[in-house]
Amino acid sequence: MTDHPLILVIEDETSLTTLLRYNLESEGFRVASVENGTDAMAAIAGAKPDLVLLDWMLPGLSGIEICRKIRRDPETHEVPVILLTARGEESDRVRGLDCGADDYVVKPFGVSELIARIGAVLRRARPGSDASALGVGDITVDLASHRVVRNGREVHLGPTEYRLLRHFMEHPGRVLSRDHLLEALWGRAVHIERRTVDVHVRRLRQALNDKGEEDVIRTVRSAGYAFAD
Ligand code: CA
């Protein structure tokens with residue numbers, strides 16, 4: 001997480017968005033916003049927020065539908081989501097709903113309470129957020145900028161290969177099964193074939209070993225993969 005996490009507010013009440021923007025910015029957050037469900041997914045993919053504040057009742061897609069889409073999409077499934085619901089607006093059911101929200105807040109809410117919830121969700125989502133970089137061997141990853149450098153040369157990775165590398169570097173030397181990597185990268189709810197892992201490992205290897213460097217990913221027969229320790 002950067003020092004100024006980006007919060008995407010998806011809310012059709014512009015007066016509430018204005019209030020949230022003012023208060024969140026004074027707490028050091030950056031704020032982006034959209035007013036309807038239809039634009040929400042594009043905004044999430046484009047802005048890559050650290051957290052989404054998502055109104056339940058929206059024109060276009062509902063907050064619940066958006067939340068499910070966020071969780072299904074491999075590019076967004078790890079983005080923390082806090083649902084905003086109006087009192088009496090099925091708020092009791094939110095807790096039981098399996099839409100994948102990390103928390104929910106019932107309107108009208110106190111801004112300080114909301115900010116406390118945001119802080120808690122961000123801390124849960126990024127337990128290792130104190131570290132700003134990872135380094136194993138001649139590879140370093142800047143966790144804020146997502147910049148990957150091997151042996152002084154910048155390595156360009158797709159988002160899935162980046163997450164895969166980061167996961168490997170957080171577990172150096174450990175044999176990670178395809179099932180483990182599937183769940184770590186895409187979550188439990190998504191059904192993706194195991195060989196998809198092999199495809200992304202192959203791409204990651206190609207990018208990392210572009211200049212004929214030593215292969216840092218070891219294939220462990222019938223078990224999975226291990227990253228050099
Ligand atoms: Ca609304």
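Thr-160, Glu-161, Leu-164, Leu-165 and Phe-168 of helix α6 meet His-200, Val-201, Arg-203, Leu-204 and Leu-208 of helix α8, where contact means heavy atoms within 4.5 Å. By class, this contact of α6 with α8 has six nonpolar, two polar and two charged residues. For this count, Ala, Val, Leu, Ile, Met, Phe, Trp, Tyr, Cys and Pro are nonpolar, Asp, Glu, Lys and Arg are charged, and the others, Gly among them, are polar.

The structure is a predicted model, in which local features need pLDDT of at least 70 and side-chain atom pairs count only at pLDDT 80 or more, while totals for chains, interfaces and linings use all residues. Residues are numbered from 1 along each chain as its sequence is written, and side-chain values use heavy atoms, with hydrogens and water left out.

**Overall make-up**

The protein chain has eight helices and twelve strands. Helices (H or I, at least four residues) and strands (E, at least two) are DSSP runs, numbered from the N terminus. Of the 229 residues in the protein chain, 44% are buried. Buried stands for under 20% relative accessible area, exposed for over 50%, and partly exposed for values in between (1.4 Å probe, protein chains only). Among contacts in the protein chain between residues at least 6 apart in sequence, 57% join residues at least 24 apart.

**Helix packing around α8**

Two packed helices are described by the angle between their axes and the distance between the axes. Axes are lines fitted to C-alpha atoms, for helices over the stretch in contact, and angles run from 0 to 180 degrees between N-to-C directions. The axes of α6 and α8 cross at roughly 85° and come within 9 Å. That makes α6 roughly perpendicular to α8. Angles of 65 to 115 degrees count as roughly perpendicular, under 35 as roughly parallel, over 145 as roughly antiparallel and the rest as oblique.

Helix α8 (residues 195-208) also packs with helix α7 (residues 178-186), at an angle of about 75° and with the axes 9 Å apart. These two helices, α7 and α8, are therefore roughly perpendicular to each other. On the α7 side, Arg-178, Leu-181, Leu-182 and Trp-186 meet Thr-196, Val-197, Asp-198 and His-200 of α8. The contact of α7 with α8 has four nonpolar, two polar and two charged residues by class. His-200 of α8 is among the residues that meet α6, and His-200 is also among those that meet α7.

**The aromatic pair**

Phe-168, one of the α6 residues that meet α8, also belongs to the one aromatic pair in the structure. Phe-168 and Phe-227 are stacked, at 5.8 Å centre to centre and with 15° between the planes. Phe-168 lies in helix α6 (residues 159-170) and Phe-227 in strand β12 (residues 224-227), so the pair ties together parts that are 59 residues apart in sequence. Rings of Phe, Tyr and Trp (its six-membered ring) pair if their centres lie within 6.5 Å; planes under 30 degrees apart count as stacked, over 60 as edge-to-face and the rest as tilted. Phe-168 and Phe-227 are both buried.

**Salt bridges**

The whole structure holds 19 salt bridges. A salt bridge is a side-chain nitrogen of Lys or Arg within 4 Å of a carboxyl oxygen of Asp or Glu.

| Salt bridge | N to O distance |
|---|---|
| Arg-21 and Glu-25 | 3.5 Å |
| Arg-195 and Glu-193 | 3.2 Å |
| Asp-210 and Lys-211 | 3.1 Å |

Arg-21 and Glu-25 both lie in helix α1 (residues 14-26), four residues apart, which is about one turn of the helix. Arg-21 is partly exposed at 28% relative accessibility, and Glu-25 is partly exposed at 40%. Arg-195 is exposed, with a relative accessible area of 56%, whereas Glu-193 is partly exposed at 48%. Asp-210 is partly exposed at 46%, and Lys-211 is exposed at 57%. Elsewhere, salt bridges link Glu-11, Glu-13, Asp-55 and Lys-107 in a network.

Thr-17 lies in helix α1 and is buried, with a relative accessible area of 9%. Apart from its neighbours within four places in sequence, Thr-17 is in contact with Val-9, Glu-11 and Ser-33. Glu-11 is also a member of the salt-bridge network.

Thr-38 lies in the loop between β2 (30-34) and α2 (40-47) and counts as exposed at 59% relative accessibility. Leaving out neighbours within four places in sequence, Thr-38 is in contact with Pro-59, Gly-60 and Leu-61. Thr-38 and Gly-60 are 5.2 Å apart in space, C-alpha to C-alpha, and 22 residues apart in sequence.
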